[in-house]
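Good morning, and thank you for coming.

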There are 2 protein chains.
Amino acid sequence: MPVANNVAIIGMGTTKFGENFEMGYNDMLVDACYQAFEDARIEPKQIQAGWVGTYLPFSWGFEGNAGTAIAEPLNLYPIPVTRVANYCCTGMEAVRNAAIAVASGEYDLVLAVGVEKMREVPSRGSLVAQHVERGHPLYCKGRTAPGMFALIATRYFEEYGIDRSILAKVAIKNHYNGSLNPKAHFRKAITEEQALNAPPVAEPLRLYDCCPTTDGAAAVILTRADLARKFTDEYVIIRGIGLSVTGGYFTAQFDQTFSFTGFRSTQEAAQQAYKQAGIKNPFKEIDVVDLHDCFTITEIVNYEDLGFAKKGEGWKLIDEGVTTLTGELPVNTGGGLKSCGHPVGASGIRMVNQVSEQILGRAGKMQVKGAKTGLAHTLGGPGAVSCVIIVGQP
Amino acid sequence: MPVANNVAIIGMGTTKFGENFEMGYNDMLVDACYQAFEDARIEPKQIQAGWVGTYLPFSWGFEGNAGTAIAEPLNLYPIPVTRVANYCCTGMEAVRNAAIAVASGEYDLVLAVGVEKMREVPSRGSLVAQHVERGHPLYCKGRTAPGMFALIATRYFEEYGIDRSILAKVAIKNHYNGSLNPKAHFRKAITEEQALNAPPVAEPLRLYDCCPTTDGAAAVILTRADLARKFTDEYVIIRGIGLSVTGGYFTAQFDQTFSFTGFRSTQEAAQQAYKQAGIKNPFKEIDVVDLHDCFTITEIVNYEDLGFAKKGEGWKLIDEGVTTLTGELPVNTGGGLKSCGHPVGASGIRMVNQVSEQILGRAGKMQVKGAKTGLAHTLGGPGAVSCVIIVGQP
């Protein structure tokens, strides 16, 4: 059977995100998974298969490039465990493949976990700068993530007549939300003055326009929807999952449709997920959103790519307060990547958990009243890979 | 529905394995995939989702760590494409996850491809030596693959009273089979004298006991069994897939059941696959096998772990000629890892293709008469991960 409406999330776990120098890779994995086991009211030995999403585990030898990365610290032997990776969609890919496996009937109870340790890794320089194989030398080499997304901001400013004051509103919103989130990396509200006067990173993006580098892990337990209530009354249903792989920046020179004001991968992933969920009007039918705000400008173009606003009008959602915690469509209620940080493999699962907690009414000070349907979205690499997961009430 | 008996392989492609200095990563991918497209009588644009298995793609920047690794060279945009990795089971993991997705009904026509470029990679020293995080210093550090499997040979010799002359018979068989395989890395038969007098690598393993380092790619196209005939009359059915993750060598000091004469991961994966396929007597019910002969001793212990021989009696299968091309249970009919080499992400899919070609009667000089059921097996990392895929006639 298809994934949509047939797979439930019955357990969720998320570590504190931040500079977790006191926790190793395995400590974070175990923390997130045991939170999820407890939430699902299961024992680890009940798990029948697992998927681990981790993007750059290589600092620890070659560990992390196989299912042993979670099978060993959790003692899951001898069940199947698979490693997946897909740029910043790595965590959601673990959820997606796990959900497909549950839908197939091959397994009834599975684990998806994402983890990344980024603070104590010796830098290899800009990861993006390592993309050396092909393409135009200016498009493809020496480019950093802030540099890439600065182009989006510059072009968006030019096309639609906004300026940095709009970006600042995204930063202020997400920092405020993060101040309410006990698991966020940064838990501090910022002022407009702070946002506008911060040191430049890649103009027009300044410090508070960029998400930090962070350690973290997050996990979910999935089962068939018709089995969920055997475990717990507190669960959500996966209503749709879309994933799309496109060229993004790195093939922009070949692709006349690449606009520098949005990403086809997000548009395609959203359409796949909306179709599965039967959603015609996302703005009206979705109550709470976690989307990929790696930079403040990304949140704005994502509003458009996800269909919450028309092309060129996404900025109005933040300008008019629509996406604040008390607005009509609250976005990044836990502070987003901006406040939580972005441990690549963990982020997508943290986002799924955040919107799921909202639907279960467990989001504490971040709670959006009456949230019934939530959307989580990640955008990966050079804008090339996107995943959208929609969850709802049973 | 479950994978077993409900998923068909309708297209297969394998590059020439070897020192493919004239081919880049993408060239090999495209070669293997277009062979598979042609075999399945489809156009690439019909593919609905993809999985790519590649273990160590990092020599080319960070390409290969995302679905873009195949979406870009094949222009598969905007469909979902996932990267998977699981030690030497990486290729089979691509097949496994793709097969599960077909079984779920989420997609009807999918691609699984594996690729590795190993000959021109600057060595990072022994990969295994990079396992630095945990465990006993003698068990876990500075160990090379030949060194690890030499321990198996030494212990097996001690327990069951054989010597290097038995290992030589495996090498002679697999080199002979490779001499018949136009796609093998090494296409030369060897003599017993050559095998016995070869230079030592890690005693008792000598040069011809070890598989080479190789470039290659392999691909399959999967669809639902009930749809297969719409595409082609030449297809096989997946009768079972088992995957198991265990501790292997690296946790041997904690695991009193680790015998140094076999691998629990293979035993578990085989039992999962046999259960799905309804196989009670593997020796009688399976007609042709490709198994993980990274070293000659590994082939012998795999005979036992896969249930073709009793514990301590696997060596008799090679000693008595049972597993030669004209024997009762031909093993590694294309020359195995010994002659084909072992490009990690590609090997598992090459093996699935080899046994599938046997079932379709397309194996040329390597053909096993009347082969109806085939088994492919990979063993990964420190003996920690194994995958078994059983294919049969529709």
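Two strands are said to pair if DSSP finds at least two bridges between them. Strands (E, at least two residues) and helices (H or I, at least four) are DSSP runs, numbered from the N terminus. This is a predicted model, in which local features need pLDDT of at least 70 and side-chain atom pairs count only at pLDDT 80 or more, while totals for chains, interfaces and linings use all residues. Residues are numbered from 1 along each chain as its sequence is written, and chains are lettered from A and ligands numbered from 1 in the order in which they are written.

Strand β3(A) is joined to β3 of chain B, residues 81–85, by three bridges, and the two run antiparallel. There, A:R83 stands opposite B:A85.

How many residues does each chain give to the contact? Chain A gives 51 and chain B gives 51, where contact requires C-beta atoms, placed from the backbone, within 7 Å. On the side of chain A, the largest share, six residues, comes from α3(A).

I turn to helices α5 (145–160) and α11 (296–305) of chain A, which pack at about 60° with their axes 9 Å apart. Axes are lines fitted to C-alpha atoms over the stretch in contact, and angles run from 0 to 180 degrees between N-to-C directions.

Technical notes:
Contact = placed C-beta atoms within 7 Å.
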